[in-house]
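Let's take a friendly walk through this model, starting with a sheet and ending with the nonpolar cores. Please keep the structure open beside you as you read.

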Amino acid sequence: MADNTERAGEYLRNVTAGETPESRWRTHLEHGPAAVDVLRRRTPLRFQWMEGYADYFPELPGGSATGRAMEPKPFDVRRLGADRARLRPPALAAPFPMPVSGRTYKWLNLVARHPRGIVTGARPLGLGLGGLAVRREYAAGGSALAAGLFAGVRAAGIPVWFESPIKELLVEDGRVTGVVVTKQGQEVPVRASRGVLLSAGGFDRNQALRHEHQSDQLDTEWCLGNPENTGDILPIAQAAGADLAFMNEAWWFPAVPAPGPMPAPLLAERSLPGQIIVNQQGRRFMNEAVNYMTAGQILIQQQLPVWMVFDQRYRNRYIFGGSVFPRQPLPAAWYDAGIAAKADTLPDLAEQLGLTDLAATVDRFNTQAAAARDDDFHRGDSAYDRYYGDPTIKPNPCLGPIDKAPYYAVKVVPGDLGTCGGIRADGLGRALRADGTVIDGLYATGNAAGNAFGRVYPGPGATIGQGLTFGYAAARHAAGQLAA
């Protein structure tokens, strides 16, 4: 595709709006390509462009409606050998043995609406089934990336200690010189002459910290991240003088608080015609199709839970919650748990849930849908909104009436992909004190560090992408190959 660093820089300058120093987010642009080249050389991963997956604010100067993200091609996770058992299952998994990439998800979700959905689904299904026949197990997305990265670690002969948590940082004359870990019940000091890089994830599952810094409405069961992300590294870094940043933020992701190991994520569902999200009075309060981080930031300001309301036409057409297929009934467990409701009329649904203004809200929404224009919240105006819309609905693929009985409502909560507040760091990933001075020898990356983009999610890959880039930049600086 045609793009350049200057245009991408213009976009990030506008989208971050001064929340972080330019030197911080510019590292992502300047060192991201080299970081990817390392992965291409030193791991078995191969990548593909997610064409058409727009930036999350594509209307801003420098924004791209064609998209800048890339993702791994399907990867055989059995290449990990015995380490295959360590790979966590993905939050969004197909019910069949097929690697679902970001490129294929959009069209799979439209399998009942567009012939491209069937054609798109046939390829990964063939790859998955064919792979099993020759003892291969293909994964896509984050699973492929995690597996490919770890395969590279093993191939390079890098030692990895499992079940060896950090107890403290070793600090000598103001410089971090190593760590103390607990290994097999023993405290073991590990010296690091070049520096220590903390990449321990966020505090997703630490309810006390989340209530303190974010909202006392949050439940850590709504998180889609690693269950072990409890933020243990934060007080350890603070003891060495590190400041924290953006602790009130997460990579928010609206979800249904479904019973089970994970909530049901809502991605394309919010962009498709025939649904709205309403508050406890039954009123709309947002552009439902907005990017998931912004959606979560809006949701967390509401009295929870809120409700997604849709009709049978919507239910007949689209996959829901990543797992409920078109025409398939919503799980009985959802009704039993009180997170779903159904009625033959909108007034009956509103009465069940106490949504006093629902009928008037739906009537206004249907009028706007008929005009293909959301005057209230502008759903469908953005290229990002339209990416997950229904291309068979024109001129606005995100708008359609809610008028075919029966009617449904499902609880929606601000789930997340992990927190993005943590150790304050500079453009080289160096940990900073509250006065802005550098803690010599200490670096932080990924969700253990404060978001390089401030309070926004600029586009797909902004989470993992910055983790990889800052890991690369920090390592080069520690090795004396990158000047401050």
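## A pairing to start from

Leu198 stands opposite Ala444 in strand E18. Helix H14 (residues 462-478) packs on the sheet, where it touches E8, E17 and E18; contact here means heavy atoms within 4.5 Å. The direction of H14 makes about 140° with that of E18, with axes fitted as lines to C-alpha atoms, for helices over the stretch in contact, and angles running from 0 to 180 degrees between N-to-C directions.

A word on the source: this is a predicted model, in which local features need pLDDT of at least 70 and side-chain atom pairs count only at pLDDT 80 or more, while totals for chains, interfaces and linings use all residues. Residues are numbered from 1 along each chain as its sequence is written, and side-chain values use heavy atoms, leaving out hydrogens and water.

## The three-stranded sheet

The sheet is open, with the order E8-E18-E17 and mixed pairing. Its edge strands, E8 (196-198) and E17 (430-432), each pair on one side only. Helices (H or I, at least four residues) and strands (E, at least two) are DSSP runs, numbered from the N terminus, and two strands pair if DSSP finds at least two bridges between them.

E8 and E18 (residues 438-444) run parallel, paired over three bridges.

Is strand E15 mostly covered or mostly open? Covered: of the 13 residues in E15 (residues 407-419), 11 are buried, meaning under 20% relative accessible area with a 1.4 Å probe, protein chains only.

E15 pairs antiparallel with E10 (residues 250-256) through five bridges, and Ala250 has Thr419 as its bridge partner.

## Two nonpolar cores

A nonpolar core is a set of buried Ala, Val, Leu, Ile, Met, Phe, Trp, Tyr and Cys residues joined through side-chain atoms within 4.5 Å. The largest one has 35 residues, and Leu12, Tyr53, Leu267, Tyr292, Tyr384, Tyr388 and Tyr457 touch the most other members. At least two residues each come from H1 (5-16), H2 (22-42), E10, H8 (292-299) and H13 (383-387).

Leaving aside residues up to four places away in sequence, Tyr384 has contacts that include Tyr53, Leu267 and Tyr292. A second, separate core of 27 residues includes Leu299, Tyr314, Phe320 and Val410.

Technical notes
Buried means under 20% relative accessible area, exposed over 50%, partly exposed in between (1.4 Å probe, protein chains only).
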